[in-house]
Amino acid sequence: MEPLLFDLSRAHRQNSHHDPASWAEDAGAVSQEGAGTPPLQPFLRQQAVPLPEVSELEVVRHFTRLSQRNFSVDTHFYPLGSCTMKYNPRICNTVAMQAGFLHRHPLTSTSQSQGVLACLYELQEMLCTLTGMTAVSLTPMAGAQGEFAGVAMIRAYHQARGDRQRTEMLIPDAAHGTNPATAALCGFTVREIATDAQGDLTLTALQAAVGPRTAGLMLTNPSTLGVFERRITEIARIVHDAGGLLYYDGANLNAIAGRIRPGDMGFDAIHINVHKTLATPHGGGGPGAGPVGVGERLRPFLPIPMVGRDGHGTYHWLTTTEFPQSIGRLSTFHGNIGVLLRAYAYLRLTGAQGMRRVADYATLNANYLMARLAQAGFQTAFPARRATHEFIITLKGEAQQWGVTALDFAKRLLDYGFYAPTVYFPMLVPECLLIEPTETESRETLDRFVEAMVAIRQEAMQDPQRLREAPHAIPVPGGGTSRLDDTQAARKPDLRMPL
């Protein structure tokens, strides 16, 4: 177990330049220099903060060792379903970190911002091509905010037509949790639509639900069940005939990129998780970016600003002057431009054929891994269906036979050096593991993951208690190796500093 920094502390072992006691002397000197400047002494602490006293080298080594205990895409296989935790080329980060981008102030005039505006304009155009949409706004600063923008535009569209009775949003029972939350935030009543035993949306349930109150349908395709919605054109016809619109949750776009476009399926709006699909490392709380694309009927309501280009090739910001019906701004300035530039570099790097290969290999890896696990005795949730970029196995049989759960498997995988897949989502599948290998993992890595899963299943038969107590090789505070209480760790974390 790595000792706490306080355990390494020794009296007077510190850099004097970092000693708060020296700050008082500096503050006094500064107060003498500025005419009329009030002295800072009354605002300084009277007693030193009880911080650990360690050398700079000890600090560096301590936090480096802690970082090496982390699970990350750079160090481990990270098969989180519906999250696309893939390796992201470092060159994309390098491009976005160029001085001309990095040091540009958001209030810089457009005449001095033509380079960055050109990149953003081209990104808008590439995303239109990739999704089949008419126009794109880059300003949403996260996938959830892009989702909000899409639904807000659907609301604005109906209100602009005076059709205020459309107060219901239809959402499949397998949807991401943000979908009903977004619909509620935009003032809609959520109506849940069931999926059938094969993972498809039930058409009879959809037909029974649509009507004059239907504002739209929020759908992910492929869905969170890891299968492609085979009757999507019929679904689009039903919703459109009822006067509603279709919103596409772009979380799983990497499964179809370059192969088929949401606009061609009949969707009217989409948000794109560029921090999943297009090169920015995902997870850890941000930053993200969720550009939103729309068909022609929603174009007037796009959030501002966007980038336009005049007949002379000069780029400029488009605002309410050009889009008076816009749903407005979603950020103070122009969104997370650093994230967007990474996406721009990634699309330039891969090209159209490269994006097609992303979908090909994401799907190939998922189907290979699903087949290997099925051969090893694991039960897939939809054995008659081909996987898209992710798939589900259910450990319901293992839970009934040996008393081990999906959570037990997930915890034990940590001991084998693998981050766990998504557990218990979607909730439609009992003892669910949602597995997404992504397009960037090698066959050898996938084989090692299968070997670990097979070994854990063997342990479940022979020593199920070992799984229930896993992980065993992951250090926890206090030096123990027992499993932490996940619920208490999330709801009542102990973040107190030892004194």
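Glu431 counts as buried, at 19% relative accessibility, a value just inside the cut-off of under 20%. This residue sits in the loop between S12 and S13, and its phi is positive, about 45°, although it is not a glycine.

**Overall picture and confidence**

- The protein chain holds 17 helices and 13 strands.
- Along the principal axes, the C-alpha atoms fill a box of roughly 75 × 70 × 40 Å.
- Of the 499 residues in the protein chain, 48% are buried.
- Among contacts with a separation of 6 or more, 72% link residues 24 or more positions apart.
- The average pLDDT of the protein chain is 91, and 92% of the residues score at least 70.
- Residues 30–34 need some care: pLDDT stays under 50 there, and the model has four contacts beyond four places in sequence for this stretch.
- Where pLDDT is low, the predicted coordinates should not be read in detail.

**Helix H14 and its surroundings**

- H14 (residues 406–415) packs with H15 (residues 443–462) at an angle of about 120°, and their axes are 10 Å apart.
- That angle makes H14 and H15 oblique to each other, and H14 passes H15 in a right-handed crossing.
- On the H14 side, the contact is made by Phe409, Arg412 and Leu413; H15 contributes Phe449, Ala452, Met453, Ile456, Arg457, Glu459 and Ala460.
- H14 is largely enclosed by the rest of the structure, because nine of its 10 residues are buried.
- Just after H14, Gly417 has a positive phi of about 85°.

- H6 (residues 143–160) and H7 cross at roughly 50°, with axes that come within 9 Å.
- This pair is therefore oblique as well, H6 to H7, and H6 passes H7 in a right-handed crossing.
- Glu147, Phe148 and Val151 of H6 make the contact with Thr178, Asn179, Thr182, Ala183 and Leu185 of H7.
- Ala183 belongs to H7 (residues 178–185) and is buried, with a relative accessible area of 0%.
- Beyond its neighbours within four places in sequence, Ala183 is in contact with Val151, Met169, Ile171, Phe188, Val190 and Met218.
- Ala183 and Gly397 are 214 residues apart along the chain, and their C-alpha atoms are separated by 36 Å.

**Thr388 in its loop**

- Thr388 lies in the loop between strand S10 (379–380) and strand S11 (391–394).
- With 7% relative accessibility, Thr388 counts as buried.
- The side chains of Thr388 and His389 are joined by a polar contact of 3.3 Å.
- Leaving aside neighbours within four places in sequence, the contacts of Thr388 are Pro222, Gly226, Val227, Phe228, Ala255, Ala362, Thr363, Ala366 and Asn367.

**Backbone details worth checking**

- The peptide bond from Phe425 to Pro426 is cis, with omega near 0°, and Pro426 is in the loop between S12 and S13.
- Another cis peptide bond runs from Ala470 to Pro471, with omega near 5°; Pro471 lies in the loop between H16 and H17.
- Ser82 is not a glycine, yet it has a positive phi of about 65°.
- Ser82 is found in the loop between helix H2 (56–67) and helix H3 (90–96), and at 4% relative accessibility it counts as buried.

**The segment before H1**

- Ala11 is placed in the segment before helix H1 (20–33).
- Ala11 is exposed, with a relative accessible area of 59%.
- The C-alpha atoms of Ala11 and Ser55 are separated by 11 Å, although the two residues are 44 apart along the chain.

Terms used. Residues numbered from 1 in each chain as written. Predicted model: local features only at pLDDT ≥ 70, side-chain atom pairs only at ≥ 80, totals over all residues. Heavy atoms only, no water. Helix = DSSP H or I, 4+ residues; strand = E, 2+ residues; numbered from the N terminus. Buried < 20%, exposed > 50% of the residue type's maximum accessible area, 1.4 Å probe, protein only. Polar contact = N/O pair within 3.5 Å; in protein donor to acceptor, adjacent residues only side chain to side chain. Contact = heavy atoms within 4.5 Å. pLDDT = per-residue confidence, 0-100. Axes fitted to C-alpha atoms, helices over the stretch in contact; angles between N-to-C directions. Parallel < 35°, antiparallel > 145°, perpendicular 65-115°, else oblique. Left-handed = near helix turned anticlockwise from the far one by under 90°.
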